[in-house]
Amino acid sequence: MSDEAFAIETKQPRLAERMRQVGRNQRLGHAYLLEGATGVGQAEMAQFMAAMVFCTSEDKPCGECQNCQRILNHEYGDLHWIVPDGEVLRIDQMRDIKRELSLSAIEGSQKVFVITDAEKMNQAAANSLLKFLEEPTAGTMVILLTAHLDQILSTIQSRCQIIHFDPLDRGVLVQTLRDEGISEQQALLLTALTEDVATAKALDEDEVMGEQLDKAWPWLQHILLKDPRGFIEVASIWVPLSKDRTANQRLLDILSLYIADLLSVKRGSETALYQPELTASYQRLLHQLPLTRLTRALHAIAEAKRMIAANVSIQAALEYLVLTVWETDA
């Protein structure tokens with residue numbers, strides 16, 4: 001068996017092994033609901049489970065037989081992927097499943113249906129699916145994928161075996177983003193801000209986020225060195241850039257990561273920095289700063305985030321941050 005045949009065995013190795021054991025014990029069910037943050041392995045697990053059903057080897061799935069290879073290449077006739085029609089999974093798509101159920105399997109005696117973004121089912125589609133789940137067809141497995149379990153009808157949840165996916169190991173998440181064409185430096189920072197692959201990819205393409213990453217480190221240096229530009233830039237850069245509260249809280253999160261790096265370098269722990277390419281800059285800055293200013297900055301950032309959440313103006317919260325850091329050092 002190829003160790004790298006199925007991506008889920010790298011993304012979620014323990015979960016994959018647990019599911020493999022379920023297959024060995026011939027205890028696969030007819031309906032599963034795979035839930036967790038976007039990109040943590042639900043689709044890869046669905047592919048893995050389908051291969052367990054259709055694999056021709058004794059230790060399923062082998063990843064090498066013709067059936068496994070066709071599943072990996074999305075070419076297997078009795079594996080059906082149902083994706084939303086725009087922003088909605090419609091009743092017509094559920095009817096297509098029912099129609100398919102009435103037909104004989106193409107390859108053998110079993111069929112697997114994978115419904116992605118299952119939370120996007122409209123009411124009619126959900127009710128139609130529920131009827132199938134209540135009276136399952138022999139030789140048929142339905143796998144629902146979602147990142148929003150709370151939006152799935154409780155009656156559907158109760159008729160499925162629910163499998164929860166934990167966030168990816170950070171190293172795996174970084175590699176996942178790198179496979180999407182994101183630089184390692186950017187991936188390291190994005191994975192510190194979110195554990196959700198889709199959110200990380202969206203942030204990578206977000207223009208405001210790009211401006212924040214370009215300007216946050218120079219601004220933080222001005223603040224920590226008590227450079228007057230640190231205060232001026234609140235009104236000249238940050239207020240015009242975005243009035244979105246979530247985006248400005250993310251700006252503060254970025255500052256926190258830089259300060260965490262500075263504290264790590266101060267302690268001599270440079271092996272797990274969020275932005276390792278700044279190590280030399282960190283070292284130069286630390287020669288000019290008392291430790292109390294860094295710890296005060298962390299507390300000020302946390303308070304500025306709280307202020308923004310409480311609907312204090314963005315400008316007031318960011319100016320508070322600067323002035324608090326500029327208090328007399330102990």
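**Close-up views of a predicted chain**

**View 1. An aromatic cluster joins Trp 217, Tyr 258 and Tyr 282.** Ring pairs link Trp 217, Tyr 258 and Tyr 282 into a cluster, where rings of Phe, Tyr and Trp (its six-membered ring) pair if their centres lie within 6.5 Å, and planes under 30 degrees apart count as stacked, over 60 as edge-to-face and the rest as tilted. The model is predicted, so local features need pLDDT of at least 70 and side-chain atom pairs count only at pLDDT 80 or more, while totals for chains, interfaces and linings use all residues. Residues are numbered from 1 along each chain as its sequence is written, and side-chain values use heavy atoms, with hydrogens and water left out.

**View 2. Phe 6 and Phe 48 form an edge-to-face pair.** A pair of aromatic rings is described by the distance of the centres and the angle of the planes. By the ring rule the count comes to five aromatic pairs. In the pair of Phe 6 and Phe 48 the centres are 5.4 Å apart, with 85 degrees between the planes. Phe 6 lies in the segment before helix H1 (8-11) and Phe 48 in helix H3 (residues 42-54), so the pair ties together parts that are 42 residues apart in sequence; helices (H or I, at least four residues) and strands (E, at least two) are DSSP runs, numbered from the N terminus. Both Phe 6 and Phe 48 are buried, where buried means under 20% relative accessible area, exposed over 50% and partly exposed in between (1.4 Å probe, protein chains only).

**View 3. Trp 217 and Tyr 258 form a tilted pair.** The ring centres of Trp 217 and Tyr 258 lie 5.3 Å apart with their planes at 45 degrees, so the pair is tilted. This pair links distant parts of the chain, with Trp 217 in helix H11 (residues 207-224) and Tyr 258 in helix H13 (residues 245-267), 41 residues apart. Trp 217 is buried, with a relative accessible area of 8%, and Tyr 258 also counts as buried, at 3% relative accessibility.

**View 4. Gln 212 is a buried residue of helix H11.** The relative accessible area of Gln 212 is 2%. With neighbours within four places in sequence left aside, Gln 212 is in contact (heavy atoms within 4.5 Å) with Trp 238, Leu 241, Ala 247, Asn 248, Arg 250, Leu 251 and Ile 254. Gln 212 and Ser 264, which are 52 residues apart in sequence, are 22 Å apart in space, C-alpha to C-alpha.

View 5. Gln 42 counts as buried, at 6% relative accessibility. Although Gln 42 and Leu 145 are 103 residues apart in sequence, their C-alpha atoms are 6.1 Å apart in space.

**View 6. Asn 67 is a buried residue of helix H4 (residues 66-72).** At 13% relative accessibility, Asn 67 falls in the buried class. Its neighbours within four places in sequence aside, Asn 67 is in contact with Phe 54, Thr 56 and Tyr 76. For the setting of these views, the secondary structure of the chain comes to 16 helices and five strands, and buried residues make up 48% of the 330 residues in the chain.
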